Every structure is written in structure tokens, then in C-alpha cells.
Amino acid sequence: MIDAHCHLSDPRLQSMADEVVSRLRAAGMRRVILGGVNPDEWRLQESLAKNYPDFVLPVMGIHPWTVRDTEATELEPMFRLLEEKSGKLHILGEIGLDFHQDNSPAQKTKQSKWCERQLRLAAALNKPVVLHVVRGHDIMLTLLRDIKGLRGLIHGFTGSPEIARRYLDAGFTLSLGPRTFQHKKQADFSWLGQGDFVLESDAPDYKKPPVSATNLVSEWIKTLTEGSRFLASLWNIPEAEVWRRSRENLAYHIDNMLA
Ligand SMILES: [Zn+2]
């Protein structure tokens, strides 16, 4: 299996990274794709990618929570640093809009501006993006319409079938994780095609501090298998086929990295 989105670069995991990686590998994980948050976290990604070059795929971006919580004067140098690093990256993200905590007009303007700058950077470099969108689908879909040539993953997708259709038509793939399947029945996903998804854990759960590598990895794998079981039963196909599809759908965006 390949985890399409996780935070192995979470600062809380660094002291146990060796054990987490070897336990994930032993459980059948071939590669993990990270989600970028801020410059401190990008540095952790760089050291993980150095230590586990064939296992960790770095993905850097200024997360919408970082945009929300950072002064505009500090965002400018952050963006310049991202520009410097972007040449070496295969994917940019997490880029996005999150108005769950603050949906004021000022916040919408601020997040839209930094989201758009990062999307334009990705488009100019012709690189896929990982998008984090919470209560901001209309603004995001307008940006994706106006900025040509974007593609990538919609991380932790929880929107309606109509919103899903609009992202799929825009060239994106839905990255499905624990929040996607929470409280959902199979009938809720009758619209989902086998070419439309990838599976992600979004591990670790930031609400539950990891107590040990063993515990963390068992939760991690459990989250992913809950997703693959759900889809296997939805489509009446073997779970291994769900993982093969997920990998194939990922390869559409980042083919050379998944060999
Ligand atoms: Zn994330």
C-alpha cells in the first residue's frame, strides 16, 4: 500500500521515526506521501527524505492554518523559501482554504491570496498539488477554473457528490481518509468511480498524542484498511484491487515516483 497523505514529519514523531518507518514497512507500506505545513516542518521532511529516500515523498506548501495564524509580513519570506525549494519537489501542498474557525471576509481575502500564489507557482512549474479545503469549495473551484493546467489531490475529501464531480472535471483526484468515511454508508458513495480516488491515513491523529510507535502504526494501518475494506465492499472487488487502483490513480499524477 501507498499512503497518499500523512504527517510522518509531525514533530511529535521524530524521536520514534526509525521504528515507525520499519513497522510501517513490515505492515506492507511501500511509500508515504507527506503534507506540508510550514518551514519548520519542511526541514523535518527534508531530513526524513534523506534518511528514507525510497519511502518518504516530501510535499511542501504553506498550509491554510499557517496562513491563518501568521502575519502577512512573515508569509512573504515563507513563500520565497517555498519558491526556492519548489524546483526539487514532485508535489506542492498542502495548499488550500479553511474557513472552519474563521470565515470573516478578511480571512477569506488573506487565505485566497496565498492559496492563489501557491497555485500559480505550481501551475508555472507544471507540478501537481495537494489541496486542503474546508468550507471553501466555491472559492477553490473558481481558482481552479481561472488558473489553467492544475491537477492533483483533494486531501481528506468530505464534500457532496456535486462538489466531487466539479473537482474530478477539473482534473483532480479525491483523496479519501478517515473523515471521508466517518458516519457514511456505502450508498453515500454510489457515485464514486474506481478511477476517482486514492487512499490516505492523514496519520497521526493530532488530537491523540502518539504513545508508542507500535500503537501509532497499528492505528495508522487500521485507518487505511477501514478505507480499503469500505471500498472493496462498495465495488465488490478484493481489497488488494482497491490498493492497486489507488496506486494507479496516484501514478496518474506522480508516475515516476511510485516505481
Ligand atoms: Zn494533512
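What follows is a run of questions and answers on the terms used for this model.

Q: What makes a feature count in this model?
A: This is a predicted model, so local features need pLDDT of at least 70 and side-chain atom pairs count only at pLDDT 80 or more, while totals for chains, interfaces and linings use all residues. Residues are numbered from 1 along each chain as its sequence is written.

Q: How many helices and strands does the protein chain have, and what counts as one?
A: There are 10 helices and nine strands. A helix here is a DSSP run of H or I with at least four residues, a strand is a run of E with at least two, and numbering starts at the N terminus.

Q: Why is Asn236 called exposed while Arg135 and Asp205 are called partly exposed?
A: It comes down to counting C-beta atoms, placed from the backbone: 20 or more others within 10 Å of a residue's own means buried, 12 or fewer means exposed, and in between is partly exposed. Asn236 has 6 such neighbours, so it counts as exposed. Arg135 has 13, so it is partly exposed, and Asp205, with 15, is therefore partly exposed too. Across the protein chain, buried residues make up 41% of the 259.

Q: What makes the phi values of Arg135 and Asn236 worth a look?
A: Arg135 has a positive phi of about 55° although it is not a glycine, and it sits in the loop between β6 and α6. Asn236 also isn't glycine, and its phi is near 55°; you'll find Asn236 in the loop between α9 and α10.

Q: Which peptide bonds are called cis, and what are their omega values?
A: One runs from Gly93 to Glu94, with omega near 0°, and Glu94 is in strand β5. Another runs from Ala203 to Pro204, with omega near -5°, and Pro204 lies in the loop between β9 and α9.

Q: What makes β5 a mostly covered strand?
A: Eight of the eight residues in β5 (91-98) are buried.

Q: How do you know which strands β5 pairs with?
A: Two strands pair if DSSP finds at least two bridges between them. β4 (59-60) and β5 have two, in the parallel sense, with Val59 opposite Ile91. β5 and β6 (129-134) have six and also run parallel; there, Asp98 has Val134 as its bridge partner.

Q: What handedness does the crossover from β5 to β6 have, and how is that decided?
A: The chain goes from β5 through helix α5 (105-125) to β6, and this β-α-β crossover is right-handed. That label applies if, with the strands pointing away from the viewer, the path from the first strand over the helix to the second runs clockwise.

Q: Why are β1 and β3 called edge strands?
A: The open sheet has three parallel-paired strands in the order β1-β2-β3. β1 (2-6) and β3 (56-57) each pair on one side only.

Q: How do you know that the length of α9 agrees with its residue count?
A: The expected span is 1.5 Å times one less than the number of residues. For the 23 residues of α9 (213-235) that gives 33 Å, and the end C-alpha atoms are 33 Å apart, so the two agree.

Q: Which residues does Val59 contact beyond its sequence neighbours?
A: A contact means C-beta atoms, placed from the backbone, within 7 Å. Leaving aside neighbours within four places in sequence, Val59's partners include Ile33, Leu34, Leu89, Ile91 and Val130.

Definitions and conventions:
Two residues are in contact if their C-beta atoms, placed from the backbone, lie within 7 Å.
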